[in-house]
Amino acid sequence: MRSILLPCTLALASIVCGPAQAAGSEADHRFIEQLARMLPGDARTLHAEATAGQAIPECVGIPLDSLIPNYDGLTGAFLGAPQVVVDRPVSISFQLQPPMPDTVLAQGTFLGVFTSATGMPQTRVGTFTAVPDNPMVGTLLLLQTNLTTPEPEYVFAVLGLLKDLSGSRITGLCLQGPIRAGTPIHRPFGLYRTM
C-alpha cells in the first residue's frame, strides 16, 4: 500500500498533524487523490458490481442509488448481523467531531466489535474518516486503529445510507469490504442504528 496523508482530526492533531496542514477543500482534495492511488478499486466500481440488477438482502430498506453528500447524523450505535468475513464490524459506535471549516470529510472516533480470523470477536477503537460522494473514489468509510501508520487499516465502500424521517440521523449503512488488494470482493452488509 502507498502512504496516504490522513487529514487532521481533533483527536490526532497533536500526534500527526503539523501546524502547516490546514483543513479545508484543498486538504480534502489531496487526501482523496492519495486515497484513489492507494485503493485497488474504487467504490463506484464496487457499487456498480454490487447493485447490478440484483437485490441486496443484507441491506434491506437502505437506498443504494442515492448520492451521499455528507454523513450528518452518523453519531450513534449500529448493529449488524453476525459475519463470516474477517475484519467486519458486528457492532460499532461512531462519535462525529464538529466539522472543520471548508471540509467535506466527516471525522471522529469509533468503538466496535469486529469479526476475526480466530472466530472470537475483537474490540477495536480508533478514528474514522467518512468520504462523501466524489468522482475519484466514490463514498468510503476509513477506520484507523493504529496511530503510527498513515494507511487506513479498514476501508469500506459505502453503498448506501438511510436517514430517519426528519433527515437528522443516519439509521442504516450498507457497506462493502474491507477493501484490500488481492482479496475477493464479498457480499455487502448492513448496519442499523440501535441508539
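Start at the turn: G167 takes a positive phi near 80 degrees in the hairpin of β6 and β7, which has six residues between the strands. Strands here are DSSP runs (E, at least two residues), numbered from the N terminus. This is a predicted model, in which local features need pLDDT of at least 70, side-chain atom pairs count only at pLDDT 80 or more, and totals for chains, interfaces and linings use all residues. Residues are numbered from 1 along each chain as its sequence is written, and side-chain values use heavy atoms, with hydrogens and water left out.

β6 covers residues 154-163 and is mostly covered, with eight of its ten residues buried; buried means under 20% relative accessible area (1.4 Å probe, protein chains only).

Who sits beside whom? Two strands count as paired if DSSP finds at least two bridges between them. The pairings around β6 look like this:

| Strand pair | Sense | Bridges |
|---|---|---|
| β4 (residues 122-131) and β5 | antiparallel | five bridges |
| β5 (residues 140-144) and β6 | antiparallel | four bridges |
| β6 and β7 (residues 170-176) | antiparallel | six bridges |

Some partners are handy for finding your way around the model. T127 has Q144 in β5 as its bridge partner, while L140 is bridged to A157 in β6. Over on the β7 side, L162 stands opposite G172.

Zoom out, and eight strands close into a barrel with antiparallel pairing, in the order β1-β2-β3-β4-β5-β6-β7-β8. From one strand to the next, the twist averages 30 degrees; axes are lines fitted to C-alpha atoms, and angles run from 0 to 180 degrees between N-to-C directions.

How values were computed:
Buried < 20%, exposed > 50% of the residue type's maximum accessible area, 1.4 Å probe, protein only.
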